[in-house]
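Here is a short briefing to read alongside the model. Please keep the sequence and the 3D view open as you go.

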Amino acid sequence: MSNASLFDLAEGSSRRTGSPPVVALAGNPNTGKSTIFNLLTGLRQHTGNWPGKTVLVSSGSYYYQKQEYQLVDLPGTYSLLANSPDEESASEFLCFARPRATVVVADATCLERNLNLVLQVLEITTSLIVCVNLLDEAKRKKIFIDIKGLEAELGVPVIAAVASRGKGISQLKEAIKKMVEGKTCVQPRSITYDPEVEKALQQIEKQIAGKGGAFPVNCRWLALRMLEGDAGLLKKAAEYKNLEEISVWGQNLPKP
Amino acid sequence: MGAKPAEAIEAGPEIIRGTAGSQDLSDRIVQTLYQEAELIAGKVVSKKAAGVDWDRRLDDILTSRLWGYPLMLLLLGLIFWITISGANYPSELLTRAFFGLERYLGQALLWLGLPDWLYGFLLLGVYRSLAWVVAVMLPPMAIFFPLFTILEDLGYLPRAAYNMDNLFYRAGACGKQALTMCMGFGCNAAGVISCRIIESPRERLIAVLTNNFVPCNGRFPLLITVAVIISGGMVLKAGSITAAAAVLVSVLIGVTATLMVSYFLSRTFLQGMPSFYTLEMPPYRKPALGQIIVRSIMDRTLFVLSRAVIVAAPAGGLIWILANISYGDTSLYGCLAAILDPFGHFLGMDGIILMAFILGLPANELVIPLLIMGYMATGSLEDIHSLAALKNLLVDQHGWTYITGICTMLFSLLHYPCGTTLLTIYRETGSFKWTLMAFMLPLITALMVCGAVAQFLYLF
């Protein structure tokens, strides 16, 4: 499935009522993301013990309590900041397609590295659910994770899961449902960069605020990307309605 | 786009230029994120002093300079050996069952009062080819694929890739190519798609063009069958160990070809320096056995078999017709094979084998059925003991020697990618030129290697 059609799908879901809400599935490679995707959608997709397995963005749907959900499996990435094609498409999708809920699957055995991605996603969207997977393996390695504590730190729902044995899947479905229905109270952790970066961010945000028109985007994320000198994402913005201005603005940024 | 963005353009670079001072801005942003992650992890993750880190220990052995390669070869060799020694018995059983059924089927067809030509077409053409394909291909696949999937699920393949990284670096290619190569063992088309994990376009093209050199699902049955035939009695009596070694050696030849052609490409058409990357070692996992069996049987074995069967049945019929329409003294099929025969002999094979490879372009799974059909059309099968019968057909009736076997294996290993893979390459590269290259490069390699090996061996 090409990216373009995925964007249509996501845009449609936020506009037309009746079409299923879109839920994005992100995460580092090899965290059991594809296993969770398969468990939810029942689509057959081979999941092996590979780094970087899901190269194609695939999507499937599932029903939970008579409501259909469209699940989009993003490529496994360690970050949304660097420039591999996989990271670009994941970041682009989260930023512009604006899924109604985003699930980040995290590997309990190396949570710190996975949290980097969680925090980056949190900069883009606050409709976030963190699914800490592979808890059985963590336990085997004598690593324990305070799920409630993590929830308090991040300010978004955190689900404990052992996807290989189907544990935590029903809780995840419930959390997605509540998030999509707007019944989840999120108090997302806000990240404060050093004063100089913050000042620049605010200034850029002021410049691009409101330029999205009827199709608002996360200005803080765009501003962050601009500070990073990523013009690619901004060029992509031109492909979406009402974002030409931002794109033009971004094209003239100096290269870092 | 009126005046507004213009103002913004003026202000934008200003802000960034003003702040980009001593330290790169993006570094500072990333640093903040990392610190934040560290902070949170420090609060919620507690780690008890673990005893022995088995993963680490195992990694130290499996990826060590000394033991890495020998263990890799041993594991692969073991899998081939289990496959070969385990496949014989079920294969024999299946053949007996099929040919037992053939008698009843024949009687039933005669009872229906079918004309002779239709009887021959259906029973000797369609049914026999089906029976052969299933009996020869099913047992090795049903053993090999689950074993390979276990290796994949354990997390061994990334370690193998890690071992080979240095070799690919020296060949001027990306180390990740070792991963895409491993994917190619499953299916070359999947291997070609997996090349997307390589970021540099130059290295991605090298990986795409050389993926064909690892034998895929569709070619393993041929390699295994031919290895069994040439080692089981023709050269030595040692049997399955020799056969496993032969398959292992052909895989090694494939890897060598991959490296050499990669080196050639990175010095000629696709020059450049190899790039760096990080390869994460996923933790070892206990494979879910039930899932593996279901998946490898459903996704791989039955997939490959059904592709072979779907084409084998009509192809069997077609070849039977070609073999029974006479042109002068010989059949049409015999004529076509005869045209190719001298060329085939030059390459250490014969016309029938070349015909099978040419007609097998749509899918590699077809080569065995086409080969069997080709020979059966010009011979007959009296003995019914699976591989032994096949050996009788090839060796005793059609004069196969160990040279024929070796060259057939080499050609199968090196020749052009199948139709599906070529189509995938076209989609991935978007270029007719590179697709043609992906076809010609292996073909030229195969012709050169087979020609050289055959001419050398003919000397003795």
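The buried residues of helix α2 of chain A are covered by elements that include β1, β2, β3, β4, β5 and α7 (169–180) of chain A. This is a predicted model, where local features need pLDDT of at least 70, side-chain atom pairs count only at pLDDT 80 or more, and totals for chains, interfaces and linings use all residues. Residues are numbered from 1 along each chain as its sequence is written, while chains are lettered from A and ligands numbered from 1 in the order in which they are written.

**Helix α2 of chain A**
- Lys33(A), Ser34(A), Ile36(A), Phe37(A) and Leu40(A) are buried in α2(A) (20 or more other C-beta atoms, placed from the backbone, lie within 10 Å of a buried residue's own).
- These residues sit on the same side of α2(A), because they cover an arc of only 160 degrees around the axis (the arc is that of the directions from the helix axis to the C-beta atoms).
- Helix α2 (residues 33–41) lies across β1, β2, β3, β4 (101–107) and β5 (128–133) of chain A, at about 155 degrees to β3(A) (axes are lines fitted to C-alpha atoms, for helices over the stretch in contact, with angles from 0 to 180 degrees between N-to-C directions).
- Contact means that C-beta atoms, placed from the backbone, lie within 7 Å.
- Helices (H or I, at least four residues) and strands (E, at least two) are DSSP runs, numbered from the N terminus.
- After α2(A) comes Gly42(A), with a positive phi near 75 degrees.

**The sheet of chain A**
- An open, mixed sheet is formed by 6 strands in the order β2-β3-β1-β4-β5-β7 (strands pair if DSSP finds at least two bridges between them).
- Its edge strands, each pairing on one side only, are β2 (58–64) and β7 (158–160) of chain A.
- β1 (residues 22–27) and β3 (residues 67–73) of chain A run parallel and are joined by 4 bridges; Val23(A) stands opposite Leu71(A) in β3(A).
- β2(A) and β3(A) pair in the antiparallel sense over 7 bridges, and Tyr62(A) has Tyr69(A) as its bridge partner in β3(A).
- The hairpin of β2(A) and β3(A) has 2 residues between the strands, and Gln65(A) there takes a positive phi near 50 degrees.
- In β3(A), 5 of its 7 residues are buried, so to speak "mostly covered".

**Another helix on the sheet**
- Helix α6 (residues 147–154) of chain A lies across β5 and β7 of chain A, running at about 160 degrees to β7(A).

How values were computed:
Two residues are in contact if their C-beta atoms, placed from the backbone, lie within 7 Å. A residue is buried if 20 or more other C-beta atoms lie within 10 Å of its own, exposed if 12 or fewer, and partly exposed in between; C-beta atoms are placed from the backbone.
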